[in-house]
Amino acid sequence: FRPATMNNGGAEQFVNRRHKREMVPVRHKLLMDVTKNTQGILLYQEQMIHVLRALGMEAEELTKVLKAIKAANGNVSEANTGLHGVMEHVKQLATAAGMDDDDIAFLESALLGYAEYGFNRSHAVVYGITGYRCAWLATNCPVEFHAALLTVASGDDKEPKYIAAARRRKVRIEKPEINKSGEGYRPNGDAIVRGFMSIDKLGTVAVTELVAHQPYAS
């Protein structure tokens, strides 16, 4: 929901082109060269900067663009203003380089889309690998996966949402139990035992002591 390419249809285009359901359009050689490994889509921040630099944009203006395309969600309005501010110059540079109206429209859509925040390549790769691993674990080890997720979220505002997500997948959440619970959530067969850290007002020191002296006779 954050990367620019998802908001302008780039994600669907990438998948369709990757599976040969859609052809990569022929564009200006510069755009073709820069996007040859990303199915004709300006997917990463580095690609956008590469294109603008190759078109002859000066370093000072490039710095402004880079700052804008790295903007996070809270700065979308400011980033949008900054990118609109350089767009006319980008069109002039693109025209001078021999790009046609379709190429320029493609470049404009991609650039302005980055006001919504786009990833650099290394960031995208790390998120992709993490997402893939999490999907595998959620599918094959749901109890352990949700226990880990809930442990990380213990005590913060995401915890209720993650509990609801576990329950939607038919993973039972058991109440805290003095000899079963740990600091975080623990797998217990096909269920998860709520951890002590998720109990409001129960501090870290108390929880550490509780766990250290298990099991209790009563």
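Lysine 91 lies in helix α6, which covers residues 76-96. Before I go on, please keep in mind that this is a predicted model.

Setting aside neighbours within four places in sequence, lysine 91 is in contact with Ile104 and Glu108. There is also a distance to report here: the C-alpha atom of lysine 91 is 8.7 Å from that of leucine 107, and the two residues are 16 apart along the chain.

Ile104 takes us to the next helix. Isoleucine 104 is placed in helix α7, and α7 runs over residues 101-113. Is isoleucine 104 buried or exposed? With a relative accessible area of 10%, isoleucine 104 is buried. Residues up to four places away in sequence are not counted in what follows: isoleucine 104 touches Lys91, Ala94, Thr95 and Met99.

Next, α7 and its packing with α4. In general, a pair of packed helices is described by two quantities, the angle between the axes and the distance between them. For α4 and α7 the angle is about 130° and the axes are 11 Å apart. Because of that angle, α4 counts as oblique to α7. The crossing of α4 past α7 is left-handed. Which residues make the contact? On the α4 side they are Met48, Val51, Leu52 and Leu55, and on the α7 side Leu107, Ala110 and Leu111. Sorted by class, this contact of α4 with α7 has 7 nonpolar residues, with no polar and no charged ones.

Staying with α4, I turn to glutamine 45. Glutamine 45 lies in this helix, which spans residues 45-55. Its relative accessibility is 6%, so glutamine 45 counts as buried. Where does a polar atom of its side chain find the backbone oxygen of isoleucine 69? The separation between those two atoms is 3.4 Å. Ile69 is also on the contact list of glutamine 45, together with Lys70, Tyr114, Tyr117, Gly118, Phe119 and Asn120, once neighbours within four places in sequence are left aside.

Glutamine 39 is placed in the loop between α3, residues 29-34, and α4. Glutamine 39 counts as buried because its relative accessibility is 18%, and buried means under 20%. Not counting residues up to four places away in sequence, glutamine 39 touches Phe14, Arg17, Arg18 and Val24. Tryptophan 136 is 97 residues from glutamine 39 along the chain, and their C-alpha atoms are separated by 26 Å.

The last item is another helix pair, α9 and α10. Helix α9 covers residues 142-152 and helix α10 covers residues 159-168. They pack at an angle of about 170°, with 9 Å between their axes. That angle makes α9 roughly antiparallel to α10, since angles over 145 degrees fall in that class. From α9 the contact uses His146, Leu149 and Leu150, and from α10 it uses Glu159, Tyr162, Ile163, Ala165 and Ala166. By class, the contact of α9 with α10 has 6 nonpolar residues, 1 polar and 1 charged.

Methods. Residues are numbered from 1 along each chain as its sequence is written. This is a predicted model: local features need pLDDT of at least 70, side-chain atom pairs count only at pLDDT 80 or more; totals for chains, interfaces and linings use all residues. Side-chain values use heavy atoms; hydrogens and water are left out. Helices (H or I, at least four residues) and strands (E, at least two) are DSSP runs, numbered from the N terminus. Buried means under 20% relative accessible area, exposed over 50%, partly exposed in between (1.4 Å probe, protein chains only). A polar contact is a pair of N or O atoms within 3.5 Å; within protein, one must be able to donate a hydrogen and the other to accept it, and residues adjacent in sequence count only if both atoms are side-chain atoms. Contact means heavy atoms within 4.5 Å. Axes are lines fitted to C-alpha atoms, for helices over the stretch in contact, and angles run from 0 to 180 degrees between N-to-C directions. Angles under 35 degrees count as roughly parallel, over 145 as roughly antiparallel, 65 to 115 as roughly perpendicular and the rest as oblique. A crossing is left-handed if the near helix is turned anticlockwise from the far one by less than a right angle, and right-handed if clockwise. Ala, Val, Leu, Ile, Met, Phe, Trp, Tyr, Cys and Pro count as nonpolar, Asp, Glu, Lys and Arg as charged, and the others, Gly among them, as polar.
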